[in-house]
Amino acid sequence: MSVSVLGSGAFGTALAISLSGNGPVTLWTRNPDHAKAMQSDRENMKRLPGVPLPDGLSVTDSITDAAQNQTLLLAVPMQKLRSVLNEHCEFLAGKTVVACCKGIELNTGLGPIAVLREALPSAQPALLTGPSFADDIARGLPTALTLACNNAPLGKDLQQQLTTTNLRLYRTTDTIGAEQGGALKNVMAIACGAVIGAGLGDSARAALMTRGYAEMQRMAIACGAQPETLAGLSGFGDLTLTCSSNLSRNYRLGLSIGRGETFDPTITVEGAATARAAAAKADDMKIDMPITQTVTNLVSQRLTIADAVAQLLARPLKEE
Ligand SMILES: NC(=O)C1=CN([C@@H]2O[C@H](COP(=O)(O)OP(=O)(O)OC[C@H]3O[C@@H](n4cnc5c(N)ncnc54)[C@H](OP(=O)(O)O)[C@@H]3O)[C@@H](O)[C@H]2O)C=CC1
Ligand SMILES: O=C(CO)COP(=O)(O)O
């Protein structure tokens, strides 16, 4: 069965390339010039240079054409998800919409599945998440991902449909766990980048990842997630990848904060807005999330890295 990918950023393009090994795939962009360039270059020079687009992948700027398929993957940044759904709701109504973004909406504190439910109640929502750099996927390197869907039979169908020669999908019905893990690991990646950028060492990073994981669990479980989901690909798996690789944009933002350098504001860094959204939510829910709060303050330049470390180390001693 054919699928469409809406959003021709790095991740959408990489997924479309991998999925085209299963059958025809349509990749949609909102930008007609970008569509033309990809059609003639057979490459996404803007977002994923260096990887040819396979023959089975067609590019369009027509949402009508892209929405011909029943299964639509939505690969746009989290803070843009609702506006994309609103803008194209007449074409997306009744479709199976698989969100591929990682984050928490700033104004509402909602994750991708909850936003899908609110903005497009007639759609069947699912989430694809887990450790996966666009560049790796596009080059055919293997990884394993989580396909989360509350509707178990549909989740099973999607698992079959979206597994490719290099993407092995595991399924879960715990959409809350999958969306919380994918969102919060980006916040921890910023913190880890900052620690390494400031020269504080690998031991500090390991401590931060571990305590960050405890924070992720606290929030996710309070929202109704199952702990096993957090221990899986969408939580622990993606946390490990993102907190330890220079390929991660969240980690690189952290590195630049730690080094006192500036960072290109046009680069998609989901963890910055998500830290703010999660910190506000933690406040409301009375959940202790000191690392998330610290990242919020670091990103908004309300705190120096030296003060951040001093504050975290000075917290009252407690049981692990
Ligand atoms: N890159 C990666 O390795 C991975 C990314 N992800 C997740 O995927 C999501 C997207 O990231 P990524 O692809 O890397 O981001 P990019 O910055 O590479 O691309 C974002 C894409 O979203 C499009 N877009 C933004 N706003 C709109 C809109 N209103 N309507 C239509 N299209 C829009 C942009 O279009 P335009 O070019 O016209 O601006 C662009 O194609 C994020 O949530 C990220 O966390 C998940 C796993 C891996
Ligand atoms: O989510 C990702 C890897 O799984 C990509 O991470 P960045 O958005 O930090 O580049």
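Helices (H or I, at least four residues) and strands (E, at least two) are here DSSP runs, numbered from the N terminus. The structure is a predicted model, in which local features need pLDDT of at least 70 and side-chain atom pairs count only at pLDDT 80 or more, while totals for chains, interfaces and linings use all residues. Residues are numbered from 1 along each chain as its sequence is written, chains are lettered from A and ligands numbered from 1 in the order in which they are written, and side-chain values use heavy atoms, with hydrogens and water left out.

We may begin with ligand 2 and its shell, where a residue is near a molecule if one of its heavy atoms lies within 4 Å of it. There are 13 residues around ligand 2, and those that come nearest are Lys102, Lys185, Asp238, Ser248 and Asn250. Helix α12 (233-242) and helix α13 (249-259) each supply at least two residues of this shell, and α12 gives the most, with 3 residues. Sorted by class, the shell around ligand 2 has 4 nonpolar, 5 polar and 4 charged residues; in this scheme Ala, Val, Leu, Ile, Met, Phe, Trp, Tyr, Cys and Pro count as nonpolar, Asp, Glu, Lys and Arg as charged, and the others, Gly among them, as polar. Because domain 1 (3-173) and domain 2 (177-313) both give residues to the shell around ligand 2, the ligand lies between them, the domain bounds coming from an automatic or database domain assignment.

Oxygen atoms of ligand 2 also take part in polar contacts (pairs of N or O atoms within 3.5 Å). A polar side-chain atom of serine 248 lies 2.7 Å from an oxygen atom of ligand 2, whereas for serine 132 a backbone N or O atom lies 3.0 Å from an oxygen atom of the ligand, and for glycine 130 a backbone N or O atom lies at 3.3 Å from one. Of the 310 Å² of accessible area that ligand 2 has on its own, the protein covers 93%, where accessible areas come from the Shrake-Rupley method with a 1.4 Å probe.

Aspartate 238 lies in helix α12 and lysine 185 in helix α9 (residues 175-197), so the pair ties together parts that are 53 residues apart in sequence. Aspartate 238, at 1% relative accessibility, counts as buried, and lysine 185 is buried with a relative accessible area of 5%; buried means under 20% relative accessible area, exposed over 50%, and partly exposed in between (1.4 Å probe, protein chains only).

Of the 21 residues around ligand 1, Ser132, Ala134, Arg249, Thr268 and Glu270 come nearest. In the side chain of threonine 268 an N or O atom is 2.5 Å from an oxygen atom of ligand 1, a polar side-chain atom of arginine 47 lies 3.0 Å from an oxygen atom of the ligand, and a backbone N or O atom of serine 8 lies 3.5 Å from one. The protein covers 91% of the 900 Å² of accessible area that ligand 1 has on its own, and the elements that give two or more residues to its shell are α1 (10-19) and α4. By class, this shell has 10 nonpolar, 4 polar and 7 charged residues. Ligand 1 lies between domain 1 and domain 2, because both give residues to its shell.

The structure holds 8 salt bridges, one of which joins glutamate 105 to arginine 82, with the closest N and O atoms 2.8 Å apart. This pair links distant parts of the chain, since glutamate 105 sits in the loop between β7 (96-99) and α6 (112-119) and arginine 82 in helix α4 (residues 78-87), 23 residues apart. Both glutamate 105 and arginine 82 are buried, and Arg82, Glu105 and Glu118 are linked in a network of salt bridges. Elsewhere, the side chains of aspartate 135 and arginine 139 meet in a salt bridge (3.3 Å, N to O), and aspartate 135 is partly exposed, with a relative accessible area of 30%.

Key:
Polar contact = N/O pair within 3.5 Å; in protein donor to acceptor, adjacent residues only side chain to side chain. Salt bridge = Lys/Arg side-chain N within 4 Å of Asp/Glu carboxyl O.
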